[in-house]
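Please walk me through this structure step by step, in plain words.

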Amino acid sequence: MAFDIEMIKAVYARIPERIAAARKAVGKPLTLTEKILYAHLTEGAANQAFQRGVSYVDFQPDRVAMQDATAQMALLQFMQAGRSKVAVPSTVHCDHLIQAEVGADKDLRKAKDKNKEVYDFLASVSNKYGIGFWKPGAGIIHQVVLENYAFPGGMMIGTDSHTPNAGGLGMIAIGVGGADACDVMSGLPWELKFPKLIGVKLTGKMSGWTSAKDVILKVAGILTVKGGTGAIVEYFGEGARFLSATGKGTICNMGAEIGATTSIFGFDEKSAAYLSGTGRADIAQLATGIADHLTGDPEVYANPENYFDQIIEINLSELEPHVNGPFTPDLAWPISKFAAAVKENAWPAKLDVGLIGSCTNSSYEDISRAASLAQQAVDKKLVAKSEYTITPGSEQVRYTVARDGFLATFEKMGGVVLANACGPCIGQWARHGAEKQEKNSIITSFNRNFAKRADGNPNTHAFVASPEIVTALAIAGDLTFNPLTDTLTNLDGNQVKLDEPKGLELPSKGFAVEDAGYQAPAEDGSKVQVLVSLTSDRLQLLDSFPAWEGVDLKGLKLLIKAKGKCTTDHISMAGPWLKYRGHLDNISNNMLIGAVNAFTDATNSVKNQLTGAYGEVPATQRAYKAAGIGSIVVGDENYGEGSSREHAAMEPRFLGVRAILVKSFARIHETNLKKQGMLALTFANPTDYDLIQENDSIDILGLSSFAPSKPLQVVLHHQDGSSHSILANHTYNEGQIEWFKAGSALNLIKAARA
Ligand code: SF4
């Protein structure tokens, strides 16, 4: 699958020297996380020490991975950069758009038909620009990356929040928005606030029913969904060495649920075994050669409290299997306490569906352990009481577990094998009867269990556990069943107990696959045509945004003065709009429809100053655009918090909003606005927000001498003829001011390559 061995050799050649320089700059031993981060600084940032949680630092990632939903806008933007090929190895994975309904084959056929134009676009754009393309059915991005591309000591960004899965193989892997992916593919550095570090020391050894999933379910219970924010979680200790590489991947994957930037394990024998088992013995050998650099310094692990910002210790010998939920992944219950919690909280004890697999838990080890229970059900004459589905993470895993008889075992138990795709995990589940919104329980080996995520039903109580526990509870059909202690009645009326699950980390006959679903890009893509239909309502090629006209912005109409929380969801809603992610014009019809108008407290209703009538925000803005009049959006504190989706910055830019003036910005959104050539300004005096009136026309002055740290003047012209002159601050540096002048960061890249 064309992992780039030369690129990995270059990274490994750089690592020892960079780490030595970092140790000198920092002045003390280094954690693994610091080693990899410092090894990936851009040349300009090398040889300096950075303050955790404070410094913004430029990195040079080694790879980019994109899933099909987010890749669309990332690649449409990349096409604007004027490059003939991506600057770093990159891949696209078609996994999110496949709906699970009846089973793998039919569902996949239907998805290929329904999403044809999106797949054709992604395949052609990948082919043209040197991007590896994983077809629908090939598997889920994170599992495919772990099997093919993750490598110890590397750094990757991915346009999906569970990108950290690759931390199981010792890679710093971070989920980002499409604009960041576009930058890195275009050859720009990638900026990140130097993270804080949480150390998790694992002692003891797991056995029996406990699995790697239980480590992260326990950690989620300790840290909660916010506890990892702004931090990288580094796992270490003797206990870590007993965990398989894929088990470590599960733990890192679900680190997203505690808000962590990413999570990581050091390189060890298990990493080497997995690399060799997946056809990458040469990488295992290279990594072994620099093994000391692919783990934290011994002094760090001897006295972790001196080197991490927070330490957690977990004894794996004492760790019980956990079930987390409902509705949040941090509500952690050891299995011995779960039945009582179900009864006390009156959660539906009857289990309707058990779902295993997903990017989180579909390794050979996971499937083989779950299958050992399914086999017991058959042997012990137990009939599974719940529906049961299996989502393999990749075609390679699916083919191998089918060859080794596990899928047949699940089918004997009544299980349904779904396509190698996200399916129910992302709400792509046509669950029959969900529309009735009945109270019910499901349990999955996925990672997220927020209300409505799997089937759209707010009354579905979703719990998360290991594939083993999911399988046992699906056999019992009862959430209060504890497989460690309880018995079940079989078809003969006898009481039987399930034995501990057993499995293999790696297939004894090796992995096999007939068609992994990979499509290599053309060597020379210059003649390849990118396929986008002019009549498509899901895809639209982008035009460059116009450059700044070189004069102050005068007479901007106030589009909306937003009150209170205005997240990227308020600015560019998700849900049904996701369909238009690749079509800027169409998705712009959701611009700011969730923002609250400060003058009326209504959403999606603002005054059109040209007519005096109230109308929807996008329609009103389109009227200004049609009249050739610029506009301005005013906002409150922390404007643009939430996801990093670039649409929230592109939509106002596309529709002709010229500036966003707020009390404060969420930083990622502020940067996204700058990248798109917008003016992102803050009130020098936050109470000036109160001076903004509904019929204001606003001038922004001082742009011809726009300079870092120099405030701009903003004049508010009120309807009664009075005016106020106020100051607006900004955080543009020299380079970002050039983005503004060029019309966007991409325009500047393109101009530089011309
Ligand atoms: S399986 Fe679920 S968590 Fe994994 S990438 Fe797909 S949607 Fe995201």
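This is a predicted model: local features need pLDDT of at least 70, side-chain atom pairs count only at pLDDT 80 or more; totals for chains, interfaces and linings use all residues.

Which residues on the other side of H4 are exposed? They are Asp105, Lys106, Arg109 and Asp113. Exposed means over 50% relative accessible area, buried means under 20%, and partly exposed is in between (1.4 Å probe, protein chains only).

Residues are numbered from 1 along each chain as its sequence is written, and side-chain values use heavy atoms, with hydrogens and water left out.

Back to the helix. H4 covers residues 104-114, and its buried residues are Ala104, Asp107, Leu108 and Ala111. These residues lie on the same side of H4, because they cover an arc of only 100° around the axis. The arc is that of the directions from the helix axis to the C-beta atoms. In an α-helix there are 3.6 residues a turn, so residues three or four places apart point the same way. Helix H5 (116-129) and strand E16 (416-417) are included in what covers the buried residues of H4.

The next topic is the interior. A nonpolar core is a set of buried Ala, Val, Leu, Ile, Met, Phe, Trp, Tyr and Cys residues joined through side-chain atoms within 4.5 Å. The largest such core has 107 residues, and Tyr12, Phe59, Leu75, Leu122, Met185 and Trp190 have the most contacts inside it. Apart from this core lies another, of 48 residues, including Ala595, Met678, Ile692 and Val714. Methionine 185 is in contact (heavy atoms within 4.5 Å) with residues including Val64, Leu75, Phe78, Arg83 and Ile131, leaving aside neighbours within four places in sequence.

A ligand is also present. Among the residues that surround the ligand are His96, His142, Asp160, His162, Cys422, Cys425 and Arg453. The shell divides into five nonpolar, five polar and two charged residues. Here Ala, Val, Leu, Ile, Met, Phe, Trp, Tyr, Cys and Pro count as nonpolar, Asp, Glu, Lys and Arg as charged, and the others, Gly among them, as polar.

Charged side chains can also pair up. A salt bridge is a side-chain nitrogen of Lys or Arg within 4 Å of a carboxyl oxygen of Asp or Glu. By this rule the model has 31 salt bridges. In one of them, arginine 658 pairs with glutamate 549, and the closest N and O atoms are 2.8 Å apart. Arginine 658 is in strand E27 (residues 657-662) and glutamate 549 is in the loop between strand E21 (518-519) and strand E22 (553-563), so the pair ties together parts that are 109 residues apart in sequence. Glutamate 549 is partly exposed, at 47% relative accessible area.

Aspartate 569 and arginine 645 also form a salt bridge, at 2.9 Å from N to O. This pair links helix H18 (residues 568-571), which holds aspartate 569, to the loop between strand E26 (631-635) and helix H21 (647-655), which holds arginine 645, 76 residues apart. Aspartate 569 is partly exposed at 38% relative accessibility, whereas arginine 645 is buried at 14%. Elsewhere, Lys350, Asp352, Arg431 and Asp455 are linked in a network of salt bridges.

The last topic is the backbone. Most residues other than glycine have a negative phi, and most peptide bonds are trans. The peptide bond from glycine 325 to proline 326 is cis, with omega near 0°. Proline 326 is in the loop between strand E12 (322-324) and strand E13 (332-334). Alanine 346 is not a glycine, yet has a positive phi of about 55°. Alanine 346 is partly exposed, with a relative accessible area of 48%. Leucine 592, also not a glycine, has a positive phi of about 60°. Its place is the loop between helix H19 (584-587) and strand E23 (596-597), and leucine 592 is buried, at 1% relative accessibility.

Terms used:
A residue is near a molecule or strand if one of its heavy atoms lies within 4 Å of it. Helices (H or I, at least four residues) and strands (E, at least two) are DSSP runs, numbered from the N terminus.
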